Amino acid sequence: MSDQQASDAARTGSDVPVRPRENLRTVAMRPVLETPRWWWPAVSVLGAIVVLGIVAWAVQVADGLGVAGYNDQAFWAIYEANLVAFIGVSYGGAVVSAILRITKAGWRAPLTRIAEATALVTLPVGMLFIVPHLGSPQRIWELVWPPYWNLSSPILWDFFAVSTYLLATIVFFYLPLVPDLPIAAARVQGREGVRMRACRVLYRALGGSWEGRASQRRLLEGAIGLVAIMIIPMAVSVHSVLSFAFASSSRAGYLETILPVYFVVAALYSGIALVVVAIAAARRLFHLEAYIHPRHFVRLGFILVALGAVYLYLTFTEYLVDGYSGTADLAAWVHQVVVGRYWIPFWFYFLAAGVVPLVLMAVRRTRTMAGVVAGSSLVVVAMWVKRLVIVIPPATEPLVRSPLAAGGVLAGDWGTYRFTWVPISITLAATAAIPLLLLVLFRFVPILPVTEMEEMETYEEEIAEAVEITAGVPAPGIPASLARGAPGAYVNRPLGPPASAFAPAPPLGHPAPGGPPLGGPIAGGPLDGPATPFGGGQR
Amino acid sequence: MRAVARMVGTRRMRSLGLALAVILGGTAGAVVPLATAAGASGSSPSMTLRATGTQARVPSVVLVARLGGRASSPATQAGVSVTFSVGVDEFAGRPRLLLGSGTTDAAGVARFVYHPTWTGRQDFVASVTDATGTLVAQATTTFVVTAAVPPTLSAEATRPDGTLGRYVVGVLLAILVLLWIVLVTVLVRVHRVAGRQPRQAA
């Protein structure tokens with residue numbers, strides 16, 4: 001065992017030395033250590049768009065919500081749609097990573113850091129939409145300061161839920177980063193510059209003296225597992241609570257019991273689409289082709305279309321039930337959305353987020369990385385449009401009731417929301433802020449989860465070696481006890497979790513104390529993951 | 001001069017003069033209806049608006065609009081629909097929020113009782129439009145509202161199982177606090193362990 005291997009074995013706490021991948025470390029740290037030619041122009045353009053949005057918001061603060069196209073009939077519009085859409089897309093990154101961790105899907109490894117980073121940056125950006133939505137910024141104080149709390153208000157519970165979820169997202173991003181900090185610290189060691197010094201301070205502050213001792217690993221494994229489990233119901237509850245602001249108001253189109261489920265599925269759907277787009281962009285810009293393969297996109301594409309089909313069905317269910325309930329308000333709303341004044345955005349959503357992704361994944365020729373990325377890009381845009389369709393039509397429906405009018409509902413005119421440059425600029429600024437924050441974030445943290453990938457690759461090699469053993473060709477350095485049929489041979493492990501969910505993996509062929517009995521069916525072995533801090537994986 | 005005299009006397013010049021007279025006459029004819037309309041506007045009903053506050057059971061503002069200017073024709077004062085609105089500052093341009101409408105009696109008086117949902121200085125407007133929507137008369141008044149109806153008055157009454165709801169709120173807040181404790185504890189523990197200095201080799 002080389003010194004490096006011994007060091008890595010000590011770092012991971014496992015008897016199985018993790019084989020360091022210099023190339024992987026170089027690629028993962030490249031955004032930190034090198035500045036691509038496009039970086040400053042990209043950051044400048046994105047930063048200018050963000051500044052434009054801030055100026056637009058200042059104009060709105062000075063002149064009122066009317067400059068954003070709001071009026072007494074279109075009292076909720078683009079900011080609420082953005083709030084829902086941006087917070088929604090943040091769930092995709094966190095939840096897809098959490099589910100893949102819990103299910104020990106080994107192929108997740110190169111994707112998790114980008115997915116979690118996407119969640120980390122989109123959530124605060126989405127939360128900021130509460131500020132223009134409230135109009136006067138001083139009202140934020142009434143939201144956060146307990147004497148002003150109105151516990152009957154869904155907005156307050158939104159604030160509680162989203163801020164809790166933000167904390168969970170930060171923790172979920174930080175924990176898997178810990179084992180990579182020493183690697184990153186070693187790479188920036190001795191380099192000059194303000195940013196390099198900032199990196200060193202950051203790595204030291206966040207846990208740069210991580211050694212990978214068994215006790216550290218046990219703690220980290222437990223923490224990651226706990227937060228991964230916690231974050232899934234939290235994500236579900238957060239978007240449900242977000243829907244309460246609509247679902248608890250007495251307006252046709254808002255007052256829907258299906259809305260919480262609808263919002264959760266929409267959040268996951270659009271979130272995974274954004275993750276696909278972010279991963280594709282990172283793969284291209286930072287040259288991650290050796291680690292992020294087309295098959296990753298196709299697998300994410302299958303998850304995407306499954307959620308898309310569910311969302312399509314929920315849309316159908318909502319409009320079917322409401323349209324034929326015999327209630328005048330609901331019927332008028334469904335009519336206007338499907339064939340009336342809002343038919344263009346509705347059918348755009350239906351085609352772009354409903355039909356096209358399904359077709360792209362169904363046809364073998366388009367079931368490719370390009371197809372999935374194209375479909376995901378459409379989904380991101382179309383699901384934002386769908387949020388507009390959810391928010392604006394019910395707000396603009398005339399519902400002034402009068403006992404004098406037939407049916408108790410006056411046949412008034414529908415209100416109109418007109419987009420102005422102010423909300424468009426703020427929306428563009430928020431959209432630009434996401435890649436901007438990601439570009440800045442990856443100037444400080446490795447873009448790939450190095451430790452996790454090294455452990456996965458080591459594990460993969462061990463499997464390959466074990467398969468050679470079963471074929472009667474012992475690999476170099478593999479003890480004879482691992483030969484085909486030998487007691488304890490890896491391939492004879494039964495189905496189930498690794499020796500211990502949170503304990504270092506024993507070397508192949510040496511059962512862990514208290515681990516599962518050996519000698520099970522042959523199919524079980526290769527499906528088990530190694531006992532890594534990241535839970536092993538099914539390839 | 002001879003040439004000019006010859007031109008004036010020609011048929012062409014007479015035709016030109018006739019055309020000019022027709023044009024001038026037409027213009028004058030167009031001015032007359034405008035003047036008539038202005039005269040009608042001048043004789044259109046005038047209106048006064050008065051606001052008084054009551055504190056009886058529900059804080060209210062009584063808006064009384066009195067139609068005038070057509071005293072000679074009482075029939076035209078009765079049955080006129082007067083629209084009442086209040087200026088709001090939530091949106092740009094100080095738009096008016098429609099409150100409702102009232103119909104004038106034989107004395108030309110329309111009343112509207114408004115339950116304000118906010119206090120402070122409020123600008124009320126009463127307006128009358130004709131069948132085409134053209135503004136015929138308008139009056140404004142300012143009133144300082146000192147008591148308002150709580151906006152959640154009706155929602156409070158229809159909330160089921162209020163006592164149970166208080167427990168639900170307590171449980172939800174407890175879950176929230178628990179989540180924060182767990183997450184912060186995880187963060188602190190990992191950070192403490194990851195940040196611990198390496199052990200010295202034995």
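Trainee: Which residues of helix 4 of chain A meet helix 11 of chain A?
Mentor: On helix 4 of chain A they include A:Leu83, A:Ile87, A:Tyr91, A:Val95 and A:Arg101. Among those they meet on helix 11 of chain A are A:Ile224, A:Ile232, A:His239 and A:Phe246. Contact means heavy atoms within 4.5 Å.

Trainee: How do the contact residues divide?
Mentor: Into 18 nonpolar, two polar and two charged. Ala, Val, Leu, Ile, Met, Phe, Trp, Tyr, Cys and Pro count as nonpolar, Asp, Glu, Lys and Arg as charged, the others, Gly among them, as polar.

Trainee: What kind of model is it?
Mentor: Predicted: local features need pLDDT of at least 70 and side-chain atom pairs pLDDT 80 or more, while totals for chains, interfaces and linings use all residues. Residues are numbered from 1 along each chain, chains are lettered from A and ligands numbered from 1 as written, and side-chain values use heavy atoms, without hydrogens and water.

Trainee: At what angle do the axes of helix 4 and helix 11 of chain A cross?
Mentor: Roughly 155 degrees, and the axes come within 9 Å. The helices are therefore roughly antiparallel (over 145 degrees). Axes are lines fitted to C-alpha atoms over the stretch in contact, with angles from 0 to 180 degrees between N-to-C directions.

Trainee: New topic. What is the strand order in the chain B sheet?
Mentor: It is an open, antiparallel sheet, ordered 1-2-5. Strands are DSSP runs of E, at least two residues; helices are H or I, at least four.

Trainee: Which strands stand at the edges?
Mentor: Strand 1 (46-54) and strand 5 (109-114) of chain B; each has a single partner strand, so one side of each lacks a neighbour in the sheet.

Trainee: How many bridges pair strand 1 with strand 2 of chain B?
Mentor: Nine; pairing takes at least two DSSP bridges.

Technical notes:
Parallel < 35°, antiparallel > 145°, perpendicular 65-115°, else oblique.
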